[in-house]
Amino acid sequence: MRRGLALLVLLGLPALAVSAEALFDQVAQVLDQSPWEARLQGRIVTPGGDAQEADLIVKTLPEKQIVRIEFQKPDALADNYVVITPDKVYNYLFLTNQVVVYPRAKARIEGLGFDLSRMGDLRKLGEEGEVVWDAPREVRFQKRPAWHVVGRAPDPEASGFARVEVWIDREEKRPLRTAFYDAEGQPLSDLEWTAFRTARFTADDLVAFPPDAEWIEKK
Amino acid sequence: MKKLWFSFLLLLAPLAAAQSLEFGVWAGGPGLSVGPTVNLNLPKGDWTFDAYLRAYLPNTDEISFGLGARRAFEAGPAGRGEVGARGFIGMDAHYWVEGFGSVALGKAALDLSVGHTYNRTPSHFWPLQGETLGTYARLDGKFRIDRHLTLLARGYFHRGGGQAEAALAWRVNRQTFTLGAGGVDRASNAYAVLGYRTPYDGAVVEGRLRLGTLNEFRLDYADRSYKAHLTLAYPARAQAGVAWDAWALDAEVDQAGYEFYLRYTLPLEGL
């Protein structure tokens with residue numbers, strides 16, 4: 001009887017296993033199906049190499065591929081925000097009340113040592129060969145059942161990071177934590193996704209700036 | 001004839017890469033002087049070049065040429081800035097030169113311009129030049145103490161005088177209250193600064209009052225389509241401006257006369 005049970009478990013295991021790619025497909029389906037908002041809290045490293053406390057509100061409109069990142073912390077970035085659209089990146093600076101507009105291809109998202117716009121699309125990182133993903137492992141993350149996936153960048157210099165770790169909610173199929181590390185194992189960004197909720201944004205809600213802001217267009 | 005065409009084409013060559021071409025008409029007095037104006041704007045990577053031309057009619061000997069260059073740079077977290085210089089020279093031997101720089105670095109922002117004006121009647125519109133003859137310097141600074149409080153400071157120094165001002169801006173939700181003090185030439189010539197900024201029905205409205213040695217009220221309004229401002233000051237001076245789409249109109253009247261400037265910016269995006 002025990003042997004039969006053991007055989008059944010062994011035969012059943014491959015059916016339970018999920019590849020990183022399939023898992024990210026499921027996550028993408030969840031994140032792409034409707035507009036959503038999440039709060040990301042943790043630490044990021046600035047271009048100067050300082051690790052700073054980070055608190056960001058991310059709002060997305062998947063249908064139009066628009067992402068808006070509002071900075072609450074670090075203090076130097078508070079009240080600034082970045083809006084990423086398919087063709088342009090808008091960087092709003094609160095202190096000077098300026099909107100700096102870059103073509104998407106040349107965009108520099110100011111104040112971060114790591115490009116946040118790439119963080120959301122984990123599937124693409126694998127497809128483009130920028131990251132080689134290990135098989136997901138079942139873990140618990142803050143008492144929630146989760147998948148833990150580790151990826152390694154074959155070319156850390158080109159990618160800007162050497163290793164990435166992702167925790168994904170097993171039931172809701174959404175990210176719980178994403179952490180990027182450099183070649184020395186130092187975290188570049190380590191952010192927990194909290195207060196995740198679906199929302200009813202329009203493009204005008206997300207691509208919105210103070211009407212008295214000064215516009216600076218970069219070519 | 002061929003030479004003429006060649007010269008004309010040579011003049012048009014910068015248009016091929018130009019970003020915008022501004023056409024304007026300036027008028028000022030006492031009396032009547034009309035100034036057709038052209039400003040060519042040529043961005044090249046982080047660099048931007050400008051060429052200016054203004055003819056004053058009927059006094060054609062006051063025709064004025066100008067050139068400007070500035071370079072933008074990124075400067076660390078939430079940081080950007082630019083440095084540049086521009087200069088103008090007129091047929092009647094007047095000239096004006098100015099160097100300027102601005103930087104925003106995290107919680108602090110600084111704007112500085114230093115210039116020298118020689119033998120010229122100041123024109124407040126296009127471009128805003130020194131209002132006094134001789135050497136001058138302007139300094140504007142902002143420092144965010146925290147998410148609610150911002151310290152503002154400004155200074156204007158010129159031959160024979162100066163003005164300094166400091167204020168604290170306090171943000172409550174989406175409204176901002178400003179309170180400060182300033183002085184003209186010396187501390188006893190003081191004035192108070194009061195300000196209020198609020199969003200209103202999709203627009204932003206800001207009022208600022210300077211009261212004391214300097215008496216001035218400025219009102220700014222901006223929505224998605226229009227930006228407008230109105231300044232009333234005593235001794236009697238009034239200035240108003242409105243910008244919409246590619247158009248802008250500015251007007252000023254004071255005891256010495258009036259000025260008026262209408263301009264249209266034609267986007268070229270490189271012909």
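Analyst: A nonpolar core is here a set of buried Ala, Val, Leu, Ile, Met, Phe, Trp, Tyr and Cys residues joined through C-beta atoms within 7 Å. A residue is called buried if 20 or more other C-beta atoms lie within 10 Å of its own. The model is a predicted one.

The largest such core has 50 residues. Those with the most contacts inside this core are A:Leu23, A:Val82, A:Val83, A:Val149 and A:Ile168. Helix H2 of chain A, residues 20–32, gives the most to the core, with 5 residues. In soluble globular proteins, nonpolar side chains tend to be buried together.

A:Ile168 shows what such a position touches. Leaving aside residues up to four places away in sequence, its contacts include A:Leu23, A:Val27, A:Ala146, A:Trp147 and A:Val149. A:Ile168 also touches A:Lys173, A:Arg174, A:Pro175 and A:Leu176.

Now the surroundings. Chain A has 219 residues, of which 32% are buried, and its elements are 5 helices and 13 strands. Of the contacts in chain A between residues at least 6 apart in sequence, 47% join residues at least 24 apart.

For chain B, the elements are 1 helix and 18 strands. Buried residues account for 16% of the 271 residues in chain B. In chain B, 30% of the contacts between residues at least 6 apart in sequence join residues at least 24 apart.

Where the two chains meet, chain A supplies 20 residues and chain B 21 residues. On the chain A side, 9 of these are nonpolar, 5 polar and 6 charged.

Methods:
Residues numbered from 1 in each chain as written. Chains lettered and ligands numbered in written order. Predicted model: local features only at pLDDT ≥ 70, side-chain atom pairs only at ≥ 80, totals over all residues. Helix = DSSP H or I, 4+ residues; strand = E, 2+ residues; numbered from the N terminus. Buried ≥ 20, exposed ≤ 12 C-beta atoms within 10 Å, placed from the backbone. Contact = placed C-beta atoms within 7 Å. Nonpolar A, V, L, I, M, F, W, Y, C, P; charged D, E, K, R; others polar.
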